[in-house]
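Here's a quick briefing to read alongside the model. Keep the 3D view open and click along as you go.

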Amino acid sequence: GLLTLTEELRAAIDIAQGRGLVAANIMVAVTHYGALVEAAIEGGAQAIVSGAGLPLQLPSIVGERDVALVPIVSSARALRSLCRHWKHFNNERAPDAVVVEGPLAGGHLGFAREHIDDPAHRLEALVPEVVEEGKRWGDFPVIAAGGVWDHADACRMLKLGASAVLLSSAWRAGEL
């Protein structure tokens with residue numbers, strides 16, 4: 001529950017001893033989204049990463065508190081929609097960073113099965129588009145995720161304009 005999230009974040013901050021950044025990844029699609037964001041902030045989260053839907057209300061929930069906001073998007077169009085909403089309703093707030101996930105990322109994605117092999121939806125196509133869209137809304141890092149398996153993949157994403165990559169699994173389709 002909420003208390004557990006708060007306690008786990010406080011424990012993580014104690015373990016980190018000021019090294020690194022402690023963040024909470026909270027899905028928009030969960031029932032008590034706002035309450036979970038509040039619990040994460042109470043626990044000391046320095047950043048809220050949020051996807052499984054566009055986190056349009058995230059800045060309103062966080063308010064003026066000093067917490068980095070890192071939405072997860074699947075396209076430049078999604079980033080544009082999110083930034084327009086945040087700018088209009090949240091006093092010019094822009095993301096502190098953005099994660100762009102391609103169809104090979106695990107989890108709650110907006111891609112159909114046929115998008116997996118479609119070159120237009122590959123991370124290689126998405127990263128430059130999201131980087132360019134991001135430049136219209138502020139100077140924030142773009143983090144590439146989904147299909148980054150090794151050093152060569154990471155270097156390729158950085159050459160395409162990503163500031164960082166997100167890795168969460170070494171599994172590749174067909175390797176089991």
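How many helices and strands are there in the protein chain? There are six helices and six strands, where helices (H or I, at least four residues) and strands (E, at least two) are DSSP runs numbered from the N terminus. Bear in mind that this is a predicted model, so local features need pLDDT of at least 70 and side-chain atom pairs count only at pLDDT 80 or more, while totals for chains, interfaces and linings use all residues. Residues are numbered from 1 along each chain as its sequence is written, and side-chain values use heavy atoms, with hydrogens and water left out.

**Overall layout**

- Reading from the N terminus, the elements of the protein chain go α-β-α-β-α-β-α-β-α-β-α-β.
- Of the 176 residues in the protein chain, 38% are buried; buried means under 20% relative accessible area, exposed over 50%, and partly exposed in between (1.4 Å probe, protein chains only).
- Take the contacts with a separation of 6 or more: 54% of them join residues 24 or more positions apart, with contact meaning heavy atoms within 4.5 Å.
- The protein chain has an accessible surface of about 9,900 Å², and carbon and sulfur atoms own 53% of that (Shrake-Rupley method, 1.4 Å probe; for residues, only the protein chains shown count as cover).

**Strands side by side**

- Strand E2 (residues 47–50) is covered on both faces, with Ala47 and Val49 buried on one side and Ile48 and Ser50 buried on the other.
- Strand E1 (residues 23–25) pairs with E2 in the parallel sense over three bridges; two strands pair if DSSP finds at least two bridges between them.
- Ala24 has Ile48 as its bridge partner in E2.
- To get from E1 to E2, the chain goes through helix H2 (residues 33–42) in a right-handed β-α-β crossover; right-handed means that, with the strands pointing away from the viewer, the path from the first strand over the helix to the second runs clockwise.
- E2 also pairs with strand E3 (residues 68–73), again in the parallel sense, over four bridges, and Ile48 has Leu69 as its bridge partner in E3.
- Five of the six residues in E3 are buried.
- E3 and E4 pair in the parallel sense over two bridges, with Val100 of E4 as the bridge partner of Val73.
- The chain runs from E3 through H4 to E4, and that β-α-β crossover is right-handed too.

**The cores**

- The largest nonpolar core holds 37 residues, and those with the most contacts inside it are Val37, Ile48, Leu58, Leu79, Val100 and Val127.
- A nonpolar core here is a set of buried Ala, Val, Leu, Ile, Met, Phe, Trp, Tyr and Cys residues joined through side-chain atoms within 4.5 Å.
- Helix H4 (residues 76–89) gives the most to the largest core, with six residues.
- A second, separate core of seven residues includes Val49, Val70, Ile143 and Ala145.

**Zooming in on Ala97**

- Ala97 sits in the loop between H4 and strand E4 (98–101), and Ala97 is buried, with a relative accessible area of 8%.
- Ala97 and Val142 are 45 residues apart in sequence but 5.9 Å apart in space, C-alpha to C-alpha.
- Leaving aside neighbours within four places in sequence, Ala97 is in contact with Leu69, Val70, Pro71, Phe140, Pro141 and Ile143.
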